Amino acid sequence: MSVPNPYHIHRQWHLGTFLDRLQAAGHLKWKWSYKNSRAGYTIQEGDQEPRLFDTKQAEKVAQRIANREQIVWIPVPHYGGEDNWMATITRMDGMKAGEIAKPWEAA
């Protein structure tokens, strides 16, 4: 499966679509950027100032909110290719089915 624009790898796409979901639910505002071969995620939570994050940092923000809201979501491991993305989706499906502990249960 190819990655839709503007993303370059499955890891970015997976994170971006989840940030879209969090934005639609009112948990944050965000925008995507790509400069010098680096993805950037400008994220604003509540009335805080917007901050620019790299992919790993943005995944931590997304995971923190997912855990707080008890939303099943985990990041795609580095390097973020299609095989890692598919394994992540399978793992999330296992969490939803109750076969694997959810991140907030394991903490």
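These questions and answers set values from a predicted model against their definitions.

Tutor: Residues are numbered from 1 along each chain as its sequence is written. In this predicted model, local features need pLDDT of at least 70, side-chain atom pairs count only at pLDDT 80 or more, totals for chains, interfaces and linings use all residues, and side-chain values use heavy atoms, without hydrogens and water.

Student: What makes the span of helix α1 agree with its 15 residues?

Tutor: A helix is a DSSP run of H or I with at least four residues, a strand a run of E with at least two, numbered from the N terminus. The expected span is 1.5 Å times one less than the number of residues. For residues 10-24 that gives 21 Å, and the end C-alpha atoms are 21 Å apart, so the two agree.

Student: Which residues of α1 are called buried?

Tutor: Buried means under 20% relative accessible area, against over 50% for exposed and in between for partly exposed (1.4 Å probe, protein chains only). Among those that qualify in α1 are Trp-13, Leu-15, Phe-18, Leu-19 and Leu-22.

Student: What do the buried residues of α1 pack against?

Tutor: They pack against β1 (29-35), β2 (38-44), α2 (55-69) and α3 (82-96), where contact means heavy atoms within 4.5 Å.

Student: Why are β1 and β2 called paired?

Tutor: Pairing requires that DSSP finds at least two bridges between two strands. β1 and β2 have seven, in the antiparallel sense, so they meet the definition. Trp-32 stands opposite Tyr-41 in β2. In their hairpin, with two residues between the strands, Asn-36 has a positive phi near 55°.
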